[in-house]
Every structure is written in structure tokens, then in C-alpha cells.
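Welcome, and please open your viewer.

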Amino acid sequence: MTRAGRHVAALLALTLPFWLASPYFLHVVIMAGIFAVLALSLNLLLGYTGQLSLGHAAFFGIGAYTSALLTLRLEWSFWAALPGAAAAAGLAGWFIGRLALKLRGAYFVLVTISFAGVISLVSINWMDLTNGPLGLPGVPAPELGPWSLRTKGAYYYLVLAAVGLSYLACRRLVRSRIGRAFVALRENESLAESVGVDVTHYLVLAAVVSAALAGMAGSLYAHYTRFVSPEVFLFTYTVTMVIMVVAGGKGTLAGPLVGAVLFTVLPEALRAATSWQWQMLAYGVLLVLLVFFLPRGIVPALSALRRRS
Amino acid sequence: MAELLQHLVNGLVLGGTYALLGIGLTLIFGLMNVVNFAHGEFYTLGAYAAFAALGLAGLNFFLALLGAIAAGALLGALCEVSLLRPLRRESIDTTMLVMIGVWIAMQNGELLVWGGVAQSIPHPFPTAPLVLGPVSVAPLRLFVLLVAAALIAASYLLIQRTKLGRAMRATFQDAETAALMGVRIERIHTATFAFGAALAAAAGALLGSIFLVYPSMGDLASLKAFSVVILGGLGNVPGATLGGLLLGVVEELGAGYVSSGYRDAVGFVIIIVVLVLRPAGLFARSERIG
């Protein structure tokens, strides 16, 4: 994007609630923002270290439950619960990273799926803590001084700030030594190891940061919908994140953002025309088509086009 | 004691079908280097094929079972030829993404065709259980166990005694050398995938007649198949057989003595623990097939 284009985009994003008054559209944009954080988080693992986590909904759900429980049971404020949620999810990420130290590819995928499966069963069966399938209603809306961020317009800015911070954090990370170590690990692990990259350390680090970001998205989700149930662990969430990252362009910074906006807005736009099952069917077909025709994703394809012209 | 025996018998019935799922998956995994996340969807396909053959085509139960197996083999072959063959030179991650796409598409296709309501497959067996000493088994469950055992035996015969089986083993050991010796690798891949899908479809039709048939039934089946493969080791057919039986029994014991809410957690925990402690599988000597 050119410099001018970037300024226009930033201006549009900053003034959005003023010209997009419909609460429905604002809702779609807020969900796109939450998914953007999730896609950025998954991209750290999938795009930069090359490890696919199919249990990412677990970190999202852990964040949502932690934040809801901290505010409901311990009456923490949202501003303390949000980092708490990120920390709890990050801890889970550390656990998975340590567990899966030597596991790559399909085995890593399986450990992450299984972890999400176990956590989801715990959320359904541990009635005392999670209220089981009934979920936790009445999660409070965040408050900022005297104001409640109860309105969609106010919540939009909260989510926008979270997306911005996550994006900057990811950019800072992947452009540093650490990010180069991630890519080295993805491209050729033995070579990376032979030049002194501590593979274990960096993989665990990627898992922790990725999980913490997903946990933060979970907290944002919990205080937005004000209700948390075992549905936050739905595999559909993980699939959506994977599609967003793969379609947008894994291993790029803008890719997850483009994917998140596209795959939140597109299904909503199609909702009038088709049912939810058709949408999911289309997701599946789309994933197959992407692998065949656009294996690197939209953003890399666009920049290749621009270089050619 | 009687209770324990009862759990063991129930566990073996489940375990036999888990073994069918696992054998197919381990062959596909070991031989083609494809992580078949759509495996559970062939299981679902088998269940719905049997349901359709009985309800719509009016076939009898046994023919419907054969129909389910044929449907699994056919769609498996189609899937391999159209999606996996063009990607044979791609990395394992690429084919994995494709199979995840197939999984989502098939499941929601089934949801569209059949709706979300669970269906049951009618069967001709009497519902009164057979009482054998301290344990009682429904005749249907006994039939399921016998068919699963027969199919497992047939798989062994196919792999060990037929020309196709020999070509499969050769491909597993060294695809390039096998190709030089005149093995048509592409055909072996198609046959392997169709065979694995057919076994999964059989498992779906069998368990679908005991339990219920619904579009998302394949998700847990996939994960159980993966835990069986991980228990048994990659490409290890005897390992998958033992792993399947073991998983069935452990699940049943866990549901009986610990908590039925966590029944399905057994498979997940097995995946994590075995992968972390013994990544080559419990019964592995080295990577092998047959």
C-alpha cells in the first residue's frame, strides 16, 4: 500500500463509527477485529514457525473463560482481567509448546487438536467452575473511568486498539532476531540448529505469544457478547482462523488482517443468500481451491502482481 | 468381576471398529505420507450410505453394509485421483490442508443432504441380549464384532498374501525402488486410499447401526483413528489393530469407573501422552507396514 493509501485507511478506520451508524455493520466490524487478532496470533505459529495449531480455539476459549470468571467471581476490572486472560492462555501455550517440543507437522497438529478437545470437555463437565453447557451469562462490559464501553461504537475503538497493538507487536517480533529465528526454523530446522538457533526456545516462545494473543481475543469476545459458553471452543473457530491466515497469506503481516476482514464480511454478506451449512461447505471447497490455485495467499499474490506491472 | 468382564466385552466391540478406522488411516499415513483429516468423513459416509440403502433403496441390512463399503471405496478412489494425485510432489502440510478442506466440505455436504437430526439404521437382529455366563451382549454388537474381526483378517490377507499387498509393502519401504521394479505407484496410492476409506465406511455403517447416525459423527471418529494410529505407530497395521482394541477397552473402563462425561477425553489424552513419551507408538520396533 502506498503512503497516501495507508493514511486514508487509517482515517477511515478511526472515524468508522461516525459514518457507519448501523449497529449490525458495527457488529460485523467488531467481530472482524476480534478475528483479526486471532488470525495474527495463529499466523505467528503457522506462518512464521510453520507449525499448524488446530487447537487455537482452546487458547481463545481459555482467554474468554478466564476473563469472564475473573470479572464475575473475583470482581476484577476488565483492565486487569484482559492481561489475566492473556497470561492464562499464554501459560497454556507454554504447556503445549513444552509438550510438543520434538513434535512437528502432523504430530503437532494432533497434540493441539487433542488439547482443545480435552479443554472443551472440561468446560462442559466442570460444572462448579464453568457452569457447564449453560455457560456464564452477565459478563460485565468494560468501563473506562466514568464511561461504560457498552455501546458498539465505544467497543469498536477498544477492538481497534487491540488489533493495532497486536499488529505492531507481531511486526516488532517478526522483524527482530526472534522473527528471523522463527523463519529459519520453518525453512530448515537442522540448518537453523547448526548455526546456533535454539529451536526449542523459539518454538515455545512462538507458542506462548501466539496463545496469549488468542487469549486476549477471547477476553475481548467475552466482554463484547457478555456471555461465555463451551461454544467458544468450537472447532469452527479454529477452521475460520486457518482459512483467514491461509487465504490472506501466511507468513505475511497484512495477510491475516486481509483474511480476517474478508472472511467475516463475506459470510455476513452471503448470509441473506445462503444458509450457514452452505457457507461452511463453501469454506471447505475454498480451502481446497486455495491450495490448488493460490497456495501462498492473497497478499503475496497481489504484491507479485504489482511487481510485475 | 462380572462388571469388569462386561466392560471388556463392550470395549472390544467398540475397539474392533476403532481398529478398522485405524488400519485404514495408518496405511494412508504410512504409505502416502498423507494426513487424512477427512478419514472420519468416510466413516460418516459409510453410515449414511447404509442408512440410505436401507431406507431409500430398500435393501436388506447385509447388502446395505456391502453398499456402504463400496461407497467408501468409490469416493475414496475419486478423492485420491482428483485431489491427492496432482499434489503428490507437494509437502505433507499442503495435502493436510486439502484434506482439512475435504473434511469440512463433506461434513457440511452431509448436513445439507440429511439435516442435523440423528437417524438410526434399522437392523434385523433381536434386541434381547444373549446371556453368556456373567456377561450379556446384544446380538447386533456380537455381529459387529465378528464383521470387524473378519474385515481385519481380510486386511491382513490383502497386505500379506496378494500381489497388491506386496506392491503396497514395497511402496512403503521405498517408493522409488518399487517404481523402478515396475510398481505403478499412482495405482497403489489410489488402491490404498480407497481401501482405507472403505474400511472407515464399514466402521461407520457398523457403529452407526449400534448408535446413531449424524453429520458430525466423523469428528470423534477421526480423532479416535488418530489416537489408534499414534498408539500403534505409523504404518503399523498390527499396531493399529492392537491400538484400536486397547482404545475401545480403555474408553469403556474409563466411562464405567471414572466418569462417562470424560469418555471421549481418553483418546485425546492417549494422543498427547503417547506422542510426548513414545512418539513411535507403543508397539513400534521401527517404522513398518504389515
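To begin, is Ile23(B) buried or exposed? Select Ile23(B) and display the residues around it: it has 32 C-beta neighbours inside 10 Å, and 20 or more is the cut-off, so Ile23(B) counts as buried. Keep in mind as you look that this is a predicted model.

**Stop 1: around Ile23(B)**

Ile23(B) belongs to helix H1 of chain B, which covers residues 2-32.

**Stop 2: a helix pair**

Next, show helix H6 (residues 163-173) and helix H8 (residues 185-210) of chain B, whose axes are 10 Å apart and which pack at an angle of about 105°. Angles of 65 to 115 degrees count as roughly perpendicular, so H6(B) and H8(B) fall in that class.

**Stop 3: the nonpolar core**

Now pick Ala50(B), Ala201(B) and Ala202(B), the residues with the most contacts inside the largest nonpolar core, which has 202 residues. The largest share of this core comes from chain A, where helix H10 (residues 199-225) supplies 18 residues. Zoom in on Ala201(B): beyond four places in sequence, its contacts include Phe42(B), Tyr43(B), Leu45(B) and Gly46(B), and also Ala68(B) and Ile69(B).

**Stop 4: where the chains meet**

Show both chains and select the contact between them, made by 31 residues of chain B and 28 residues of chain A. On the chain B side, the elements that give two or more residues are helices H4 (92-114), H9 (217-232) and H11 (265-277). H4(B) gives the most, with 15 residues. By class, this side of chain B has 24 nonpolar, 5 polar and 2 charged residues. For the complex, the predictor gives an ipTM of 0.81 and a pTM of 0.82.

**Last stop: confidence**

Finally, colour chain B by pLDDT: the average is 88, and 96% of the residues score at least 70. Then select residues 286-290 of chain B, where pLDDT stays under 50 and the model has 14 contacts beyond four places in sequence.

Notes: Residues are numbered from 1 along each chain as its sequence is written. Chains are lettered from A and ligands numbered from 1 in the order in which they are written. This is a predicted model: local features need pLDDT of at least 70, side-chain atom pairs count only at pLDDT 80 or more; totals for chains, interfaces and linings use all residues. Two residues are in contact if their C-beta atoms, placed from the backbone, lie within 7 Å. Helices (H or I, at least four residues) and strands (E, at least two) are DSSP runs, numbered from the N terminus. Ala, Val, Leu, Ile, Met, Phe, Trp, Tyr, Cys and Pro count as nonpolar, Asp, Glu, Lys and Arg as charged, and the others, Gly among them, as polar. A nonpolar core is a set of buried Ala, Val, Leu, Ile, Met, Phe, Trp, Tyr and Cys residues joined through C-beta atoms within 7 Å. A residue is buried if 20 or more other C-beta atoms lie within 10 Å of its own, exposed if 12 or fewer, and partly exposed in between; C-beta atoms are placed from the backbone. pLDDT is the predictor's confidence in each residue, from 0 to 100. Axes are lines fitted to C-alpha atoms, for helices over the stretch in contact, and angles run from 0 to 180 degrees between N-to-C directions. Angles under 35 degrees count as roughly parallel, over 145 as roughly antiparallel, 65 to 115 as roughly perpendicular and the rest as oblique.
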